[in-house]
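Please open the model in your viewer and keep the sequence beside it, so that each selection can be followed in both. The stops below say what to select next and what is there.

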Amino acid sequence: MEPIHDISYFLQGEEAMRDFGRYLAAAIAPDDILCFIGDLGAGKTTLIQGLAQGMGIMEDVSSATFSLMNIYRGPLDLYHFDAYRMEDPRDFYAIGGEEVLSQGGVSAIEWAGRVLDFLPEDYLLCTIHYEGAGRKLEFSAVGERGAELLAHVAKYEGER
């Protein structure tokens with residue numbers, strides 16, 4: 001299924017990234033998959049921190065680079081993956097990624113470009129680029145639920 005490319009925003013500063021994550025949390029539902037692509041330090045984890053806050057998760061969210069997956073318990077659990085150190089996309093299955101995607105929580109996958117071919121065709125993709133002192137976030141959707149999430153993203157009142 002081809003992604004729907006549609007929305008972009010410019011955000012400046014870590015708090016703006018967290019605010020956007022909190023906004024995104026208002027639309028999430030069980031088994032949603034959120035994919036993040038961007039260079040080191042682009043703000044993927046920062047955005048996911050805001051997502052967790054918006055989901056009512058009280059734990060501090062940190063990068064899952066060394067553990068590959070962190071689980072944060074809340075009203076809706078957050079499965080935070082980091083595919084940066086996955087040498088082969090099949091490593092996603094080796095850590096139980098496929099099973100977790102359908103356990104009723106929300107999956108947030110950093111460095112998702114390494115595993116996209118192994119995901120169900122229903123997700124929201126956020127690509128983060130450095131742009132001056134801020135970040136440009138480009139969103140696309142794959143599948144029906146991805147399109148619903150993209151529609152929510154389109155209503156954000158941030159800068160375009």
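Begin by selecting Phe20, Leu34, Leu51, Met55, Leu78, Leu137 and Phe139, which have the most contacts inside the largest nonpolar core, a set of 35 residues. A nonpolar core here is a set of buried Ala, Val, Leu, Ile, Met, Phe, Trp, Tyr and Cys residues joined through side-chain atoms within 4.5 Å, and buried means under 20% relative accessible area, exposed over 50% and partly exposed in between, with a 1.4 Å probe and protein chains only. Among the elements that give two or more residues to this core are strand E1 (4-11), helix H1 (14-25), strand E2 (33-38) and helix H2 (44-54), where helices (H or I, at least four residues) and strands (E, at least two) are DSSP runs numbered from the N terminus. The largest share, five residues, comes from H1. Another core, of 20 residues, lies apart from this one, and Cys35, Phe81, Val100 and Trp111 are among its members.

This is a predicted model, in which local features need pLDDT of at least 70 and side-chain atom pairs count only at pLDDT 80 or more, while totals for chains, interfaces and linings use all residues. Residues are numbered from 1 along each chain as its sequence is written, and side-chain values use heavy atoms, with hydrogens and water left out.

Next, show H1 and H2 together: their axes are 6 Å apart and they pack at an angle of about 45°, the axes being lines fitted to C-alpha atoms, for helices over the stretch in contact, and the angles running from 0 to 180 degrees between N-to-C directions. The two helices are therefore oblique to each other, given that angles under 35 degrees count as roughly parallel, over 145 as roughly antiparallel, 65 to 115 as roughly perpendicular and the rest as oblique. To see the contact (heavy atoms within 4.5 Å), select residues including Met17, Phe20 and Leu24 of H1 with Leu47, Gly50 and Leu51 of H2.

Stay with H2, and ask how many of its eleven residues are buried. Nine of them are, so H2 is largely enclosed by the rest of the structure; the buried ones include Lys44, Ile48 and Ala52, and what covers them includes H1, E2, E4, E5, E6 and E7. Just after H2, Gly56 takes a positive phi of about 85°.

Asp31, with a phi of about 75°, lies in the loop between H1 and E2 and counts as partly exposed at 35% relative accessibility. Trp111, with a phi near 60°, lies in the loop between E5 and E6 and is buried, its relative accessible area being 17%.

Now move to Thr127 in strand E6 (residues 123-131), a buried residue with a relative accessible area of 18%; leaving aside residues up to four places away in sequence, Thr127 touches Ile37, Lys136, Leu137 and Glu138.

The last stop is Gly74, in the loop between strand E3 (69-72) and strand E4 (78-82).
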